Amino acid sequence: MRRSPLEPVALADAAGPSWTVRLLAEAASTNVLAAADARPGLVVVADHQTAGRGRLDRSWETPAGVALTFSAVVDPGLPDARWPLLPLAVAVAVAQAVRRSAGVSPELKWPNDVLVDGRKLAGILLERVGPPARGSRPLAVVGIGLNVDQTADELPVPTATSLRIEGATVERTALFGAVLAALEETLAVLRADAERVLASYREQCSTLGAAVEVQLPGGELLSGTAEAIDGHGRVVVAGRAVAAGDVVHLRRHGRSPGED
Ligand code: BT5
């Protein structure tokens with residue numbers, strides 16, 4: 001596949017009128033840049049992200065020109081109690097875009113990893129900013145890293161995969177547009193009928209029913225079957241509901257320690 005750099009006009013066209021796209025050939029972390037200038041509709045894209053952030057102090061590594069790494073600022077328009085559903089909704093949106101554009105059907109690992117056959121295709125990092133001014137609402141920075149055209153030796157860990165490795169040839173620009181469209185669509189559904197997004201999430205969630213081990217802050221380990229994803233977006237393991245923010249790692253039993 002041709003490896004051409006992202007191009008600003010094409011990206012803006014693919015994104016459509018609801019988004020203001022800022023493309024950088026190279027940036028440390030698009031989440032940091034988007035949070036620093038947070039306004040609804042801004043999308044910061046890096047063709048080469050050099051210090052991508054994961055959850056906690058983990059990192060997200062992608063070579064130049066082969067992945068999608070971007071951060072979209074959205075006003076979720078949700079009451080605080082529904083904010084924990086946002087990461088799940090973003091995962092549903094990314095999976096939908098991947099299905100539509102690449103014909104690949106991912107599975108979702110709670111809370112918001114997008115996997116193919118157990119290997120990670122995309123990571124999502126959500127951050128809350130603001131409210132920027134008195135009386136205004138808090139905004140969400142939705143950071144998405146999606147492995148598109150990497151070969152096996154361009155992936156940072158053996159638990160990763162890319163669309164190319166999964167046999168799909170996809171233009172990054174078209175995929176970018178599809179992710180933003182799916183994001184808008186899923187957020188609209190979340191506002192109107194959160195239960196529908198949860199139902200779609202549960203259908204695709206490979207964590208449900210699996211034997212898992214959850215590492216909580218402070219080192220406590222919780223083992224058992226992931227019995228449910230509850231109405232607050234928490235995973236229920238051995239009768240205990242755990243929120244995404246309280247989990248250091250969730251692993252399937254028997255998986256390698258490298259898997260987050
Ligand atoms: C995540 O963290 O999965 C969230 C990643 C979010 C990245 C996007 S890119 C655009 C935006 N700007 C940023 O700075 N970040 C966001 P976490 O669940 O903590 O997973 C991180 C772990 O995934 C690492 O410790 C590695 O094991 C693995 N990993 C790193 N790079 C990867 C890649 N390209 N593909 C698959 N796995 C990767």
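This is a predicted model: local features need pLDDT of at least 70, side-chain atom pairs count only at pLDDT 80 or more; totals for chains, interfaces and linings use all residues.

Reader: Which ligand atom lies 2.6 Å from a polar side-chain atom of serine 29?

Author: That atom is an oxygen of the ligand. An oxygen atom of the ligand is also 2.7 Å from a side-chain N or O atom of lysine 120. In the case of glutamine 49, a side-chain N or O atom is 3.0 Å from a nitrogen atom of the ligand. On its own the ligand has 790 Å² of accessible area, and the protein covers 95% of this.

Reader: Let us turn to the sheets. What holds the strands of a sheet together?

Author: Strands of a sheet pair through backbone hydrogen bonds, and the pairing is either parallel or antiparallel. In this structure, 7 strands make an open sheet with mixed pairing, in the order β1-β2-β5-β9-β8-β7-β6. Its edge strands, β1 (20-27) and β6 (107-109), each pair on one side only. On average, neighbouring strands of this sheet are turned by 20 degrees against each other, direction ignored.

Reader: How many bridges join β1 to β2, and how do the two strands run?

Author: There are 7 bridges between β1 and β2 (residues 42-49), and the two strands run parallel. Alanine 27 stands opposite glutamine 49 in β2. This glutamine 49 has already been named, with a side-chain N or O atom 3.0 Å from a nitrogen atom of the ligand.

Reader: Which helices lie across strands of this sheet?

Author: Helix α1 (residues 8-15) lies across β1 and β2, and runs at about 140 degrees to β1. Helix α3 (residues 86-102) lies across β6, β7 (113-116), β8 and β9, and runs at about 140 degrees to β8.

Reader: What is the strand order of the open sheet of 5 strands?

Author: The order is β13-β12-β11-β10-β14, and the pairing is antiparallel. The strands β13 (240-242) and β14 (249-252) stand at the edges with a single partner each, so one side of each has no neighbour in the sheet. Neighbouring strands here are turned by 45 degrees against each other on average, direction ignored. Strand β10 (residues 211-215) is joined to β14 by 4 bridges, and the two run antiparallel. Glutamate 213 stands opposite arginine 251 in β14.

Reader: Finally, what is found for phi and for the peptide bond in most cases?

Author: Most peptide bonds are trans, and most residues other than glycine have a negative phi. In this structure, the peptide bond from tryptophan 110 to proline 111 is cis, with omega near 0 degrees. Proline 111 belongs to the loop between β6 and β7. Aspartate 117, a residue other than glycine, has a positive phi, near 50 degrees, and is found in the loop between β7 and β8.

Conventions
Residues are numbered from 1 along each chain as its sequence is written. Side-chain values use heavy atoms; hydrogens and water are left out. A polar contact is a pair of N or O atoms within 3.5 Å; within protein, one must be able to donate a hydrogen and the other to accept it, and residues adjacent in sequence count only if both atoms are side-chain atoms. Accessible areas come from the Shrake-Rupley method with a 1.4 Å probe; for residues, only the protein chains shown count as cover. Two strands pair if DSSP finds at least two bridges between them. Axes are lines fitted to C-alpha atoms, for helices over the stretch in contact, and angles run from 0 to 180 degrees between N-to-C directions. Contact means heavy atoms within 4.5 Å.
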